[in-house]
Amino acid sequence: MQVRKMRLLRKKYGITRPELGRACALSTQRIDEIEQNAAKLTPETEEKLQRGFDLVVQGRENALHSLRGDLARYGASLFEIVEETDYEL
């Protein structure tokens, strides 16, 4: 994986460095270093990043599936039942 392409993918799909870092068990600083070409991208790190992208996709699919279910269950009243404490902004 070329570093520039990794950053382009991340930006294109709105994946933040912290989100990717959590998914692949790398620090945000490490992601930044890789994207800035300040750190060498080893095959092991590249594999972690690829798995991280997969985990981000799975997490988003799960979240969207949950939202789809809530919309089907609650329809127009969905906004009334959502508690701000249920979500992190």
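Student: How many salt bridges does the count come to?
Tutor: This is a predicted model, in which local features need pLDDT of at least 70 and side-chain atom pairs count only at pLDDT 80 or more, while totals for chains, interfaces and linings use all residues. Residues are numbered from 1 along each chain as its sequence is written, and side-chain values use heavy atoms, with hydrogens and water left out. A salt bridge is a side-chain nitrogen of Lys or Arg within 4 Å of a carboxyl oxygen of Asp or Glu. By this rule the salt bridge count is seven.

Student: How many residues apart in sequence are the parts that Arg 7 and Glu 35 tie together?
Tutor: The closest N and O atoms of the salt bridge between Arg 7 and Glu 35 are 3.6 Å apart. Arg 7 lies in helix H1 and Glu 35 in helix H3, so the pair ties together parts separated in sequence by 28 residues. Helices here are DSSP runs (H or I, at least four residues; strands are E, at least two), numbered from the N terminus.

Student: Is Glu 35 buried or exposed?
Tutor: The classes rest on relative accessible area: buried is under 20%, exposed over 50%, and partly exposed in between (1.4 Å probe, protein chains only). Arg 7, at 34%, counts as partly exposed. At 8% relative accessibility, Glu 35 counts as buried.

Student: In which helix does Arg 17, the salt-bridge partner of Glu 35, lie?
Tutor: The side chains of Glu 35 and Arg 17 meet in a salt bridge at 2.9 Å, N to O. The pair ties together parts that are 18 residues apart in sequence, because Glu 35 lies in helix H3 and Arg 17 in helix H2.

Student: What covers the buried residues of H2?
Tutor: Helix H2 spans residues 17-24, and its buried residues include Leu 20, Ala 23 and Cys 24. Contact means heavy atoms within 4.5 Å. The cover of these buried residues includes H1 (3-12), H3 (28-35) and H4.

Student: Which residue caps the N-terminal end of H2?
Tutor: At the other end, H2 is followed by Ala 25, whose phi is positive, near 60 degrees. At the N-terminal end, a side-chain oxygen lies 3.0 Å from the backbone nitrogen of Glu 19, and the capping residue is Thr 16.

Student: About how many helical turns separate Arg 73 and Asp 70?
Tutor: Arg 73 forms a salt bridge with Asp 70, the closest N and O atoms being 2.8 Å apart. Arg 73 is exposed at 56% relative accessible area, while Asp 70 is buried at 17%. Because they are three residues apart in helix H4, their separation is about one helical turn.

Student: In which helix does Leu 64 lie?
Tutor: Leu 64 is exposed, with a relative accessible area of 51%. Its helix covers residues 43-74 and is H4.

Terms used
Polar contact = N/O pair within 3.5 Å; in protein donor to acceptor, adjacent residues only side chain to side chain.
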